[in-house]
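Hi there,

Have a look at it first, and then read on for my notes.

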Amino acid sequence: MVKEMTCIVCPNGCLLRVEQDGEEITVTGNTCKRGETFGKTELTNPMRTICSTVRTVFSDIEVVPVRVSAEIPKGMIFPVMEEINKVRLSERLGIGEKVIENVLGLNADVILTSNILKEEV
Amino acid sequence: MLKYDVTVIGGGPSGLSAALSADRANAKTLLIEREASLGGILKQCIHDGFGLLRFGEKLSGPEYVYRDIKAVYETDIDVSLLTFVTKTEKTDDGFILHLVNRDGVTSVFTKTIVLCTGCRERTAKQVKIHGTRPAGVFTAGQAQNLVNLHGLMVTKKCVILGSGDIGLIMARRLTLEGAEVMGVYEIKSEPSGLSRNIAQCLNDFDIPLHLSTTVKRVYGHDRLEAVEVAKVDEKMNIIPGTEEIIPCDALILSVGLIPENEIAEDLGVTLDRFTKGPHTDNSFMTDVEGIFAAGNCLHVNDLVDYVSENGALAGKAAAEYVKKERKYAKITIDRTLGYIVPQEIDLTTDLSKVEMYFRSFSTVKNAVLEIKIDGNPFMEKKYMVVRPPEMEKLVLDLSSAGLTENSVISFGIVKKEGDING
């Protein structure tokens, strides 16, 4: 089986050719090691990072940005989005702090990516 | 009146870097920002992918910019938020800036200015779309601001015009928040955004990309009800009979960015017709002594990492600025390049590491960038491919190039000889 795909690791966006022959997977077209790893996981178990926002109870800042702390399976994007959309933040947490711990048991936390709630304007 | 060595106008990524590097060079520095917090556009760019070059990490926009914001607040840099520059005046030894902010109307004196005013989106008025003027026509950045900073959903079912990166990012973002993105329509025959964004923002969510297709007309009285799309030929003229009506409640435009240079023009700075940003030398100083420019107001970058780097160079140059006689060599490009920055080389500066940025005019595989000085070959650089959406950076050593006043350094892209597979 041969599959062509665009590597999404960095802005170069190399066009990869990933070939599976039984257990063996070979990646060509990559210009770095990360591209090879991406090609292999993309064929067997594609992973993605997702970024979104969570609602707060504060009137000055309605939403704050979050992301998952580690990649999650591509198929879990929408279930994780549902969890993120359930959150209503009532504490003025800072950048890097957890909003959901180990979301849906995927070994990734949902963390804040902004310090805006702690900033005084 | 407060006096500064360097005043940076704009608190986005280039302004933060410019202020930090001016401060490191011991300049008394003022950073002016019109919004309530620092960070510029990155505050609303909540997606990840920033900082790979600079930090070797994949950060979201707010995370990337937080590092510089934190660093700025740890220095003696004066930060003035919610502040507008309303008028500028040139004096013998610098500039007087008239400001409006919560303290009222004030003025400051500054020896140098670094313009870091970023860019603005091209709007619906700047692309030829016929029809009514209903609500529901947004630029991608406007939609991004409403969704990501205010938690307001702008659409249930939308069409995106233009395949610029922000449009692609918003296609994914709106899909994640439950909207149906009917498709991304691009008038050109190739996408304007990065390939990885086509992959992870469109293909991942089965959002179709229609090339050589544009939005011809919008329908709706109070709110957008539909758009009419049509295919275009090579000359970008609409092909009759290919029209199609697509019901939707929003049209999101990602049709290009234009450097913002209102203050620059006010100060008499000459703009380059290709970049639409100031014409600068290799210290990123404009043709008005003491005024520097960096980031997206200089030329529209595709990576923030370059914007930060460029801001740092301009900030340092501004801090080290002294008035003196200068000698210049000119830089020219032929039709194979979209633009090049800077446009002049100041021969009185250190020429061992001259940083330049360029874009090709069209896609060329197996390309060779040829650099000539007064018509004689100076250097060649090979590229597997050059594409207009991807900015290229060069660092040249021109110290032993034998440049003299009025030397001309010319740049052109040619296809590698003997290649027929192209």
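Let me start with a helix pair in chain B. Ala140(B), Gly141(B), Ala143(B), Gln144(B) and Val147(B) in α4(B) meet a set of residues in α5(B), namely Ile166(B), Gly167(B), Met170(B) and Arg173(B). The axes of α4(B) and α5(B) are 9 Å apart, and the angle between them is about 40°. The crossing of α4(B) past α5(B) is left-handed. Please keep in mind throughout that this is a predicted model.

Staying with α5(B), this helix runs over residues 165–176 and has twelve residues; from first C-alpha to last it reaches 17 Å, close to the 16 Å expected at 1.5 Å a residue. How much of α5(B) is covered? Eleven of its twelve residues are buried, including Leu168(B), Ile169(B), Arg172(B) and Leu174(B). The cover over those buried residues includes α4 (140–150), β12 (157–161), β13 (180–185), α6 (195–202) and β18 (250–253) of chain B. Just after the helix, Gly178(B) has a positive phi of about 100°.

Helix α1 (residues 13–24) and helix α3 (residues 61–73), both of chain B, pack with their axes 10 Å apart and at an angle of about 35°. Here, too, α1(B) passes α3(B) in a left-handed crossing. On the α1(B) side, the residues that meet α3(B) are Pro13(B), Leu16(B), Ser17(B), Ala19(B) and Leu20(B); facing them in α3(B) are Val65(B), Asp68(B), Ile69(B), Ala71(B) and Val72(B). This contact has eight nonpolar residues, one polar and one charged.

As for α1(B) itself, its twelve residues should span 16 Å at 1.5 Å a residue, and the 17 Å between its end C-alpha atoms agrees with that. Eleven of the twelve are buried, so the helix is largely enclosed by the rest of the structure. Among the buried ones are Ser14(B), Gly15(B), Ala18(B) and Asp23(B). They pack against β1 (2–9), β2, α3, β8 (104–115) and α8 of chain B.

Just after α1(B) comes Asn26(B), with a positive phi of about 65°. Asn26(B) lies in the loop between α1 and β2 (29–32) of chain B. Is Asn26(B) buried or exposed? Asn26(B) counts as exposed, because there are 10 C-beta neighbours inside 10 Å and the cut-off for exposed is 12 or fewer. Between the C-alpha atoms of Asn26(B) and Val227(B), which are 201 residues apart along the chain, the separation is 56 Å.

Now to the cores. The largest nonpolar core has 92 residues, and those touching the most other members are Val114(B), Leu115(B), Phe292(B) and Ala314(B). Helix α8 (residues 304–319) of chain B supplies the largest share of this core, with nine residues. Apart from it lies another core, of 35 residues, which includes Ile166(B), Ala171(B), Leu224(B) and Ile252(B).

Most residues other than glycine have a negative phi, and most peptide bonds are trans. Val341(B) and Pro342(B) are joined by a cis peptide bond, with omega about -5°; Pro342(B) sits in the loop between β22 (337–341) and β23 (344–346) of chain B. Asn366(B), in strand β25 (residues 364–373) of chain B, has a positive phi near 50°. With 17 other C-beta atoms within 10 Å, Asn366(B) is partly exposed. Asn406(B) has a positive phi near 70° and is found in the loop between β27 (392–396) and β28 (408–415) of chain B. Asn406(B) is exposed, with 11 other C-beta atoms within 10 Å.

Last, the interface. In chain A, 24 residues are in contact with 22 residues of chain B. On the chain A side, β5 (51–56) and β6 (63–68) are the elements that give two or more residues, and β5(A) gives the most, with four. By class, that side has eleven nonpolar, eight polar and five charged residues.

Notes: Residues numbered from 1 in each chain as written. Chains lettered and ligands numbered in written order. Predicted model: local features only at pLDDT ≥ 70, side-chain atom pairs only at ≥ 80, totals over all residues. Axes fitted to C-alpha atoms, helices over the stretch in contact; angles between N-to-C directions. Left-handed = near helix turned anticlockwise from the far one by under 90°. Contact = placed C-beta atoms within 7 Å. Nonpolar A, V, L, I, M, F, W, Y, C, P; charged D, E, K, R; others polar. Expected span 1.5 Å × (residues − 1). Buried ≥ 20, exposed ≤ 12 C-beta atoms within 10 Å, placed from the backbone. Core = buried A, V, L, I, M, F, W, Y, C linked by C-beta atoms within 7 Å.
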